[in-house]
Amino acid sequence: MGYRIAPEVRQDMDRIATILCRLEAIYGRPVWQPRMRPIEELVHCILSQHTSDVNSFRAFEALRRAYPDWEAVLQAPEEELARVIRSGGLARQKARRIQAVLRRIRDERPDWKLEAILESLSDEEARAYLMRLPGIGPKCAAIVLCFALGRALLPVDTHVFRVSWRLGLIERRLGPDRAHDVLQDLVPRDLVYRFHVALIRHGRSLCRAQRPRCPECPLRDLCAYGRGESGTGEGARETSSDSQC
Ligand code: SF4
């Protein structure tokens with residue numbers, strides 16, 4: 001039996017399609033391809049907590065160079081592992097967390113194939129499974145499922161969160177963790193990866209945390225925050241859907 005989409009939901013979905021179309025016109029359209037295996041994404045995601053991409057990838061490379069396999073990472077003395085990954089910051093805490101997660105996975109799959117566990121589960125079940133691992137929240141779970149397996153789970157990082165609340169797609173007071181559920185319901189499944197990448201690019205380029213460059217932004221007419229920032233009324237026209245988008 002068919003179902004009808006409520007008009008306000010349809011409006012949000014149209015708005016998201018328009019936002020995406022305009023952002024991809026300046027940043028390009030990304031093509032999904034697996035970046036790493038799920039277990040690698042998971043470990044990298046722990047290393048990325050509270051630090052920059054540069055530092056987390058440096059720590060991840062150091063870890064991969066120092067140990068021949070995941071069993072060796074698991075068996076390493078915690079202090080030694082912390083020394084290896086120190087460029088990622090909070091090294092003792094992250095070493096402990098990585099080993100706790102690896103232990104859980106090894107107990108379930110001695111062959112370390114996290115993908116075999118996840119592929120047998122639905123999106124929601126896979127997300128819940130990952131979030132039961134020590135120290136894994138909704139962002140890491142979505143990163144593993146979206147980046148490594150191409151599942152339609154939306155990671156909400158600091159850029160996605162900031163651009164989304166400035167555009168009025170979510171309320172700022174939700175915070176990034178709860179924003180996952182709201183944006184997940186809002187963004188059409190087939191646009192999830194592209195939406196994630198486009199908002200990150202926009203957050204790094206024009207919609208920066210400090211002094212967003214609103215006068216140059218192609219979304220200004222859709223963005224109350226951007227119109228308020230200018231104080232000139234420029235660009236404050238009615239929201240419209242684009243003929244080319
Ligand atoms: S108008 Fe400004 S605040 Fe709004 S999305 Fe663009 S850069 Fe960000």
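What follows is a chat about a predicted model of a protein and the ligand placed in it.

Student: How many helices and strands are there in the protein?

Tutor: This is a predicted model, and the protein in it has 13 helices and zero strands. Buried residues make up 34% of its 245 residues, and of the contacts with a separation of 6 or more, 61% are between residues 24 or more positions apart.

Student: Where is confidence lowest, and where is it highest?

Tutor: The mean pLDDT of the protein is 90, with 89% of the residues at 70 or more. Confidence is lowest in α13, at a mean of 75, and highest in helix α4, residues 70–75, at 98. Over residues 230–241 the pLDDT is below 50, and this stretch has 12 contacts in the model beyond near neighbours in sequence. Where pLDDT is low, the predicted coordinates should not be read in detail.

Student: Why would residues three or four places apart point the same way?

Tutor: An α-helix has 3.6 residues a turn, so residues three or four places apart point the same way.

Student: Which residues are buried in α8?

Tutor: In helix α8, residues 123–131, the buried residues are Ala126, Arg127 and Leu130. Seen down the axis of α8, they fall within an arc of 100°, so they line one face of the helix. They pack against α7 and α9, and the face turned away from them carries the exposed residues Glu124, Glu125 and Ala128.

Student: Changing topic: which residues come nearest to the ligand?

Tutor: Of the 14 residues around the ligand, Cys207, Cys214, Cys217, Cys223 and Gly226 come nearest. By class, the shell has 10 nonpolar, one polar and three charged residues, and α10 and α13 each supply at least two residues of it.

Student: Is Cys214 buried or exposed?

Tutor: Cys214 counts as buried, because it has 20 C-beta neighbours inside 10 Å. Its place is in the loop between α12 and α13, and its C-alpha is 8.9 Å from that of Tyr225, with the two residues 11 apart in sequence.

Student: Arg220 then, where does it lie?

Tutor: Arg220 lies in the loop between α12, residues 192–205, and α13, residues 224–230. It counts as partly exposed because it has 19 C-beta neighbours inside 10 Å, and the cut-off for a buried residue is 20 or more. Arg220 and Leu167 are 53 residues apart in sequence, and their C-alpha atoms are 8.8 Å apart in space.

Student: Which value does phi of Arg211 come near?

Tutor: Phi of Arg211 is near 50°, a positive value in a residue other than glycine. Most residues other than glycine have a negative phi. Arg211 has its place in the loop between α12 and α13, and it counts as exposed because it has 7 C-beta neighbours inside 10 Å.

Student: And what is phi of His50 near?

Tutor: Phi of His50 is near 60°, again a positive value in a residue other than glycine. His50 is placed in the loop between α2 and α3, and with 11 C-beta neighbours inside 10 Å it counts as exposed.

Note on methods:
Residues are numbered from 1 along each chain as its sequence is written. This is a predicted model: local features need pLDDT of at least 70, side-chain atom pairs count only at pLDDT 80 or more; totals for chains, interfaces and linings use all residues. Helices (H or I, at least four residues) and strands (E, at least two) are DSSP runs, numbered from the N terminus. A residue is buried if 20 or more other C-beta atoms lie within 10 Å of its own, exposed if 12 or fewer, and partly exposed in between; C-beta atoms are placed from the backbone. A residue is near a molecule or strand if its C-beta atom, placed from the backbone, lies within 6 Å of it. Ala, Val, Leu, Ile, Met, Phe, Trp, Tyr, Cys and Pro count as nonpolar, Asp, Glu, Lys and Arg as charged, and the others, Gly among them, as polar. Two residues are in contact if their C-beta atoms, placed from the backbone, lie within 7 Å. The arc is that of the directions from the helix axis to the C-beta atoms. pLDDT is the predictor's confidence in each residue, from 0 to 100.
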